Amino acid sequence: MAASLAISFLMLAGKITAYWVTSSAAVLADAAESVVHVVATAFAAFSLWYASRPADANHPFGHGRISFFSAGFEGALILIAAVAVIGGGIQELIKGADVEHIGLGLAITASLATINLALGVTLVMIGKRQNSLVVKSNGIHVLTDVYTTAAAIVGLALIMLTGYKNLDPIAAILIGFLIMYNGFGMVRTAIAGLMDELDPMISKRLDEAVENAMRGSVVKDIHDLKARRVDDQLWLQFHALVDGDTNVLEAHSAITTFEQSLRSEFPDFKVNINSHLEPADHDLEAH
């Protein structure tokens, strides 16, 4: 994240330079997205630090849910930038574009895109491996920056080939809609997390984990299973059924073994389990 923040400033300076050289609306749109990116990356870096803090009396479940605020904040800023970019492109299209020094502008923007591509892919890979929504979202944002730069490059290249300068604001408008699409995706992810929407892949893995843990276990069945994921934290709660004549010591040993088996199915998560023992011969209403 420190590298991402440092590179975001480099990208902003480079794109402002490219706009100063070319007067391109598409490059200006790309630079506007980079302003948003600097602010969003700074907040993401803060969120990553804050989420790593241990649980305390005021936050007994830890501080990880700030990652959803971070993703939503980045998404919202992207949407604001998209509206500004589309508006600027339309205005440029109406008054007529005037693009200069296209070759130099292409060289600068292509170099910046290459750096950002390497950074974005790295961030997404690390975010997935570490189950960090903050890092993954920032990586997606960086890749969005790459897409917008690529659109600006295509626009400038077409102007060089055709001489039709209005392709520049058209490229800027397309960049705006591309930014908007990615912004909506990030906001959607943030809302899903804040509303405790369970990832279908986690749900499938959980079903398989329960089935594996049940084999050879004193636990007869479980019900009222609930799961919540926050970055690399997985919170589970359920009611476990054992024979009614099982003594407390045996039942405790059985549920401990069952929980350990569940945890072993999720080596990539820190699994927190809250279970409740019940006699299997009670009816469902009693449960």
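Which residue in β3 is the bridge partner of Gln237? Keep that in mind while I set the ground rules. This is a predicted model, where local features need pLDDT of at least 70, side-chain atom pairs count only at pLDDT 80 or more, and totals for chains, interfaces and linings use all residues. Residues are numbered from 1 along each chain as its sequence is written, and side-chain values use heavy atoms, with hydrogens and water left out.

Helices and strands here are DSSP runs, numbered from the N terminus: H or I with at least four residues for helices, E with at least two for strands. Two strands pair if DSSP finds at least two bridges between them.

Now the answer. Gln237 has Asn274 as its bridge partner in β3. Strand β3 covers residues 270-279, runs parallel to β2, and is joined to β2 by 10 bridges. How does the chain get across? From β2 it passes through helix α8, residues 248-264, to β3, in a right-handed β-α-β crossover. Right-handed means that, with the strands pointing away from the viewer, the path from the first strand over the helix to the second runs clockwise.

On to the other neighbour. Strand β1, residues 221-230, pairs with β2 in the antiparallel sense over 8 bridges.

Is β2 mostly covered or mostly open? Covered: 7 of the 10 residues in β2, 233-242, are buried. Buried is under 20% relative accessible area, exposed over 50%, partly exposed in between, with a 1.4 Å probe and protein chains only.

Last topic: aromatics. Rings of Phe, Tyr and Trp (its six-membered ring) pair if their centres lie within 6.5 Å; planes under 30 degrees apart are stacked, over 60 edge-to-face, the rest tilted. That rule gives 8 aromatic pairs. Phe46 and Tyr50 are stacked, at 5.9 Å centre to centre and 25° between the planes. They sit 4 residues apart in helix α2, residues 25-51, so about one helical turn separates them. Trp49 and Tyr50 are tilted, because their planes are at 55°, with centres 6.2 Å apart. Phe46 is partly exposed at 40% relative accessible area, and Trp49 is partly exposed too, at 48%. One aromatic cluster takes in Phe43, Phe46, Trp49, Tyr50 and Phe73.
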